[in-house]
Amino acid sequence: MIQTEYAEPIGRNTVLNPKIWDHDHLKPDVRGALLRIAEDFLEFVEVPVDVRDIVITGGNVNYTYTKNSDIDLHIVADFDSVRCERETAELFDSKRLLYKRQHQLEIYGIPVELYIEDHRTPGVTAGMFSISQDRWLRKPSRDVPKIDEQELAHWIAVWQKILRRATMTGDLEVCRKALKLLRTYRKKGLATAAGEFSTPNLVYKSLRNDQVIDGMTRLIDRLHDQELSI
């Protein structure tokens, strides 16, 4: 039987989040803070990169934000300009996760999630604002695309089952692989034409809003500590 009760993945608001927006204008202090965070992260990465733009996307650049929405801060770069033996995307993702572990940055209580992406493969998103240029690159619409609730409920139930079974094993690698698989699933959804309204991304958001992903992450950290301890 499919479980049909789940946390709503997106909100449906009539105004942009007033914590960071003044109508459709990004508040100057918010823009300044985001630019400082981006600069600090680039210094942390310690790899010279040709930055093309710095943008924010996601629910807080749309009318779909919820209390669990973060601010997705993307540094758009030319990956061809990076001179490094490691695969560029892997390098930046490793640095991003390490930076996230060391810093818990917020804008008026809203967590900031950092990314570095290649300018040739931008994410598909309903709203995109350039904090470098202080202007909209793509304005969001209040109209939310129609969501197949039955399909969404099905895949949420599937992933709840996958993560629950991984948790029950108590095996660190099994839990890591399950969470990595979920993130890959979401990434593929974001790369489709539906973008942030794709079923994989909505599934991920629902599991995040339901604290399922947070619980899995905390379990992985605990299992990791146990594995290193005697």
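## The loop holding Asp 134

Asp 134 sits in the loop between strand E7 (128–130) and strand E8 (135–138); strands here are DSSP runs of at least two residues, and helices are H or I runs of at least four, numbered from the N terminus. Its phi is near 55°, a positive value in a residue other than glycine. Asp 134 counts as partly exposed, because its relative accessibility is 40% (buried is under 20%, exposed over 50%, partly exposed in between, with a 1.4 Å probe and protein chains only).

This is a predicted model, in which local features need pLDDT of at least 70 and side-chain atom pairs pLDDT 80 or more, while totals for chains, interfaces and linings use all residues. Residues are numbered from 1 along each chain as its sequence is written, and side-chain values use heavy atoms, without hydrogens and water.

## The sheet around E7 and E8

What does the loop join? E7 and E8 pair in the antiparallel sense over three bridges (pairing takes at least two DSSP bridges between two strands). Within this pair, Ser 130 has Arg 135 in E8 as its bridge partner.

Both strands belong to an open sheet of six, in the order E5-E6-E4-E3-E7-E8, with mixed pairing. Strand E5 (106–107) and E8 stand at the edges with a single partner strand each, so one side of each has no neighbour in the sheet.

## His 23, another positive phi

For His 23, phi is near 60°, again positive in a residue other than glycine. His 23 lies in the loop between strand E1 (21–22) and strand E2 (25–26), and counts as exposed because its relative accessibility is 68%.
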